[in-house]
Each structure stands twice: as C-alpha cells, then as structure tokens.
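Subject: Structure handover

Hello,

I am passing on the structure below, followed by notes on what was found in it. Please read the notes with the structure open.

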Amino acid sequence: MLLQDKVALITGAASGIGRATAQLFSSQGAKVAVADIDDSGAAETVRNIRRSSGEAFSIQADVGRMDSVEAMVGSALDRYGRLDIVHSNAAAYVLGTASETSEADWDRTLDVCLKATWMIARCALPPMVAQDGGTFIITGSVHSIRGYSLHAAYQASKGGLLALTRSLAADYAPSVRVNAILPGAVETGLWKGLSPADRLKIKQMCPLRRNGQPEDIAQAALFLASDMSAYMTGSYLVVDGGLSSIIEMPEWLWSRLKS
Ligand SMILES: NC(=O)c1ccc[n+]([C@@H]2O[C@H](COP(=O)([O-])OP(=O)(O)OC[C@H]3O[C@@H](n4cnc5c(N)ncnc54)[C@H](O)[C@@H]3O)[C@@H](O)[C@H]2O)c1
C-alpha cells in the first residue's frame, strides 16, 4: 500500500494511461479524483475502482480551459479536503507538418497538452504547499526528447512540458516534487486509427519487441507518486521499451559492414 490515504487527481483518466494509473493508485490505497472531458469513460473508471472496493469519483473537465481547471481542482479539494498527488496526463493529438497544421489545431493542442499543465499547477500547487506537500506528475512523451516527422504541434507541446517540469520543480521544492514520464509507443485510445499491421511495425521498431500497455506507464507513475522516488524532482523517466535509445541501422549500411 504505497499510497495509503493519499488523495490523487488524474486528468485524462477516462481511458488508456490515465485509467490504468487511477486503478493502480486506488489499489495502492489512494482516493482518486478521475477527471476527463469524456464523462462516460470517467464514470466507467470510477465503477472499475469501486468494484475493487476503492474510493473514487469523476469530474467532467476540459483541461484546455482555465474556468474548467479551476472547477476541477476545487471539486477534488471539496470532496477529499486535500491533494497529495496530481497527474497532468490528458492530451490532444494532432498530426501534421508546420504548414499542414491549422492555427486552431495548434492552439487547441498547445492548450490541452501544455497550457493545461500550467493551469493545473497554478490551481493545485498552492493548496498542496499549504498542506504538507505532495507530488506532481506530468505525462510527456518520447516526442519531448526526440524529433519525429508530422508532429509539429504535439511535439512542441511535449517538449515544452519538460521545460515546465524543471521550472515547477525549482519553484515548488522542497515541498512538492515534480517529475515527468515520457512514454514510448503505448496501445491506447490514441492508436484507434492503427491497423494490426501498423501495430506490428511499431513493435518491430522497439528493442523490447512489444508495444507498451497502459499498465507499464502506470507503474512508472506509481514510482513517481510514492516515496520510492523521494530523491527525484525536476527529472523524467523514459518508459519506452528502448524505442528512443536506438537508431535503426539502414539495410544498405548493414550489408556494407557485413561484406
Ligand atoms: N499512447 C501513446 O503511445 C503515448 C505515447 C507517448 C505519450 N502519450 C501520452 O499519454 C497521455 C495519455 O494518453 P493515452 O495514450 O492514454 O490516450 P487516451 O486517448 O487513451 O487518453 C487520453 C485521455 O485524455 C482525455 N482528454 C482529451 N482532451 C481532453 C481535455 N481537453 N480535457 C480533459 N481530458 C481530455 C481523453 O478523453 C482521453 O480519455 C497523453 O498525455 C499522451 O500524449 C501517449
């Protein structure tokens, strides 16, 4: 029971990584505020938690809007009286080069991925500092540290999140520890357009030869949320099966080296 009696607020918890994290935190003794724009998915996460005798409630929130973020944090505090763990995890995903990305898509992606985390921090960190501190976790991506084509807005926001992680860590230490998780390729709702053949190709790019599952990332979140990571702040964990650690050697170079 690594999170006994802790209170956690998790955004994007109606599916994927956020849902797996909410369920794992609950199994470790936390009370969980399950926040998402998708109310029915959030309600399902809460039902899953209650079926396992955990304590949770759902909050419908659009993390891209300040009024909604204020209401979300207020609602978690009203319900549980404190906040020990905040996980800013929701994201909007848009594909495209810079010239293919519309201004509306750019703004929405930056609002939901990057500005949201600042808004959540602005609302949640003062009450956390006023109690006895806590932990703040940010979901970045391997896109935070590696370039990849067709991801101009998403990658800009995920890169910005790493800088924001360091900034929040510096400003709110020692009472709140702030760290990021950078997932690699994880099979979640974000992948709904991908065929089995696409999924196989992604798996083959990964040294561990499997695609990540939401539970793989939830375990890293548990580490960062708990005292197991007590000496970490302003840092990040890459959880990607080795994906970002390698450079694929082109076939022609292999043949040259072997000859
Ligand atoms: N799946 C991957 O391969 C992968 C890789 C790297 C990083 N990530 C990151 O992991 C995090 C979780 O994504 P996931 O893969 O679990 O995808 P997902 O689609 O399963 O979950 C994302 C959740 O965010 C919610 N959401 C979207 N916009 C919102 C808004 N404005 N307000 C509140 N909630 C909103 C969605 O309703 C959804 O429940 C994201 O930050 C994503 O960028 C995912």
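In which loop does L150 lie? The loop between β5 (134-139) and α5 holds L150. Please keep in mind that this is a predicted model.

Backbone points in the loops

The phi of L150 is near 70°, which is a positive value in a residue other than glycine. L150 counts as exposed because 12 other C-beta atoms lie within 10 Å. S53 also has a positive phi, near 65°, and is not a glycine. S53 sits in the loop between α2 and β3, and follows α2. With 8 C-beta neighbours inside 10 Å, S53 is exposed. There is also a cis peptide bond, between A173 and P174, with omega about 0°. P174 belongs to the loop that runs between α5 (152-172) and β6 (176-183).

Helix α2

Helix α2 covers residues 39-51, 13 residues in total. From its first C-alpha to its last it reaches 18 Å, close to the 18 Å expected at 1.5 Å a residue. Its buried residues are G41, A42, T45, V46 and I49. Viewed down the axis of α2, these buried residues fall within an arc of 145°, so they line one face of the helix. In general, an α-helix has 3.6 residues a turn, so residues three or four places apart point the same way. The buried residues of α2 pack against α1 (16-27), β2 (31-36) and β3 (55-60). On the face turned away from the buried side are the exposed residues S40, R47 and R51.

I17 is in helix α1. I17 counts as buried because it has 31 C-beta neighbours inside 10 Å. Leaving aside neighbours within four places in sequence, the contacts of I17 are N89, T139, P183, V186, T188, P214, I217 and A218. I17 and K192 are 175 residues apart along the chain, and their C-alpha atoms are separated by 14 Å.

R19 is also part of helix α1. Is R19 buried or exposed? R19 is buried, since 26 other C-beta atoms lie within 10 Å. Apart from neighbours within four places in sequence, R19 is in contact with A13, A14, T45 and P214.

The ligand

How many residues surround the ligand? There are 28, and the closest are G12, G16, A91, T188 and G189. By class, the shell has 13 nonpolar, twelve polar and three charged residues. The largest share of this shell, three residues, comes from α1.

The nonpolar core

The largest nonpolar core has 72 residues. Which of its members touch the most other members? They are A8, V32, V34, A35, I120, A124 and I181. Helix α4 (residues 103-130) gives the largest share of this core, eleven residues. In soluble globular proteins, nonpolar side chains tend to be buried together. Not counting residues up to four places away in sequence, A8 touches F25, A30, V32, A33, D84, I85, H87 and A225.

Regards

Methods:
Residues numbered from 1 in each chain as written. Predicted model: local features only at pLDDT ≥ 70, side-chain atom pairs only at ≥ 80, totals over all residues. Core = buried A, V, L, I, M, F, W, Y, C linked by C-beta atoms within 7 Å. Buried ≥ 20, exposed ≤ 12 C-beta atoms within 10 Å, placed from the backbone. Helix = DSSP H or I, 4+ residues; strand = E, 2+ residues; numbered from the N terminus. Contact = placed C-beta atoms within 7 Å. Expected span 1.5 Å × (residues − 1). Arc of directions from axis to C-beta. Near = placed C-beta within 6 Å. Nonpolar A, V, L, I, M, F, W, Y, C, P; charged D, E, K, R; others polar.
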